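Colleague: Could you take me through this model with the reasoning spelled out, beginning with the aromatic rings?

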Amino acid sequence: FPARYGHAAVPLPGTSEVLLIAGLRTDPTTGSQGLADVWGLSLPSAGASATLTRRTPDAGFAGRGRFAAAAHAGHVYVFGGPTTDAAVATDVWRSGDGGVTWEARA
């Protein structure tokens, strides 16, 4: 799990999992770079270790950070956010399979 900031953490309703979505990483040469990966964090009952699993290395949307994300009606949504130091996305993406595949919605 690469170091990042500005990512989103969205609990998956009805499960013991949280999706960790995208974010930004700092590159000493180029500055902030947007990530578009999605990870699942399984939070087991007391006494067991949490596990982190990559759901997809590339969700299809432009890498981004400081965006909004929410779960609703069996789907997880990603809304907008800065994609580079000079661009801000206005798109909406949705996943209905726990963050493995994503589709543009707007």
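Colleague: How many aromatic pairs does the count come to?

Modeller: This is a predicted model, and a pair of aromatic rings is described by the distance of the centres and the angle of the planes. With ring centres required to lie within 6.5 Å, the number of aromatic pairs comes to 4.

Colleague: Is the pair of phenylalanine 61 and tryptophan 93 stacked or edge-to-face?

Modeller: The ring centres of phenylalanine 61 and tryptophan 93 are 5.8 Å apart, and their planes stand at 65°. Since planes over 60 degrees apart count as edge-to-face, the pair of phenylalanine 61 and tryptophan 93 is edge-to-face.

Colleague: How many residues apart in sequence are the parts that this pair ties together?

Modeller: Phenylalanine 61 sits in the loop between β4 (51–56) and β5 (68–72), whereas tryptophan 93 belongs to strand β7 (residues 88–95). The pair therefore ties together parts whose separation in sequence is 32 residues.

Colleague: Is phenylalanine 61 buried or exposed, and which residues does it contact beyond its neighbours within four places in sequence?

Modeller: The relative accessible area of phenylalanine 61 is 3%, so this residue is buried, the limit being under 20%. Phenylalanine 61 is also among the residues with the most contacts inside the largest nonpolar core, which has 15 residues. Leaving aside neighbours within four places in sequence, its contacts are Ile21, Ala22, Ala36, Val78, Trp93 and Trp102.

Colleague: Which strand gives the most to this core?

Modeller: At least two residues of the core come from each of β1 (8–11), β2 (17–27), β3 (31–42) and β6 (75–82). With 3 residues, the strand that gives the most to the core is β2.

Colleague: Which residues do ring pairs link into a cluster?

Modeller: Tryptophan 93, the partner of phenylalanine 61 in the edge-to-face pair, is buried at 13% relative accessible area. The cluster linked by ring pairs consists of Phe61, Trp93 and Trp102.

Colleague: Tyrosine 77 and phenylalanine 79 also form an aromatic pair; which of the two is buried, and which is partly exposed?

Modeller: Their rings are stacked, at 6.0 Å centre to centre with 15° between the planes. Tyrosine 77 has a relative accessible area of 17% and is therefore buried. At 35% relative accessibility, the residue that counts as partly exposed is phenylalanine 79.

Colleague: With which side chain does the side chain of serine 32 make a polar contact?

Modeller: Serine 32 is located in strand β3 and, at 24% relative accessibility, counts as partly exposed. Its side chain makes a polar contact, at 2.5 Å, with the side chain of tyrosine 5.

Terms used:
Residues numbered from 1 in each chain as written. Predicted model: local features only at pLDDT ≥ 70, side-chain atom pairs only at ≥ 80, totals over all residues. Heavy atoms only, no water. Core = buried A, V, L, I, M, F, W, Y, C linked by side-chain atoms within 4.5 Å. Buried < 20%, exposed > 50% of the residue type's maximum accessible area, 1.4 Å probe, protein only. Helix = DSSP H or I, 4+ residues; strand = E, 2+ residues; numbered from the N terminus. Contact = heavy atoms within 4.5 Å. Phe/Tyr/Trp six-rings, centres within 6.5 Å; stacked < 30°, edge-to-face > 60°. Polar contact = N/O pair within 3.5 Å; in protein donor to acceptor, adjacent residues only side chain to side chain.
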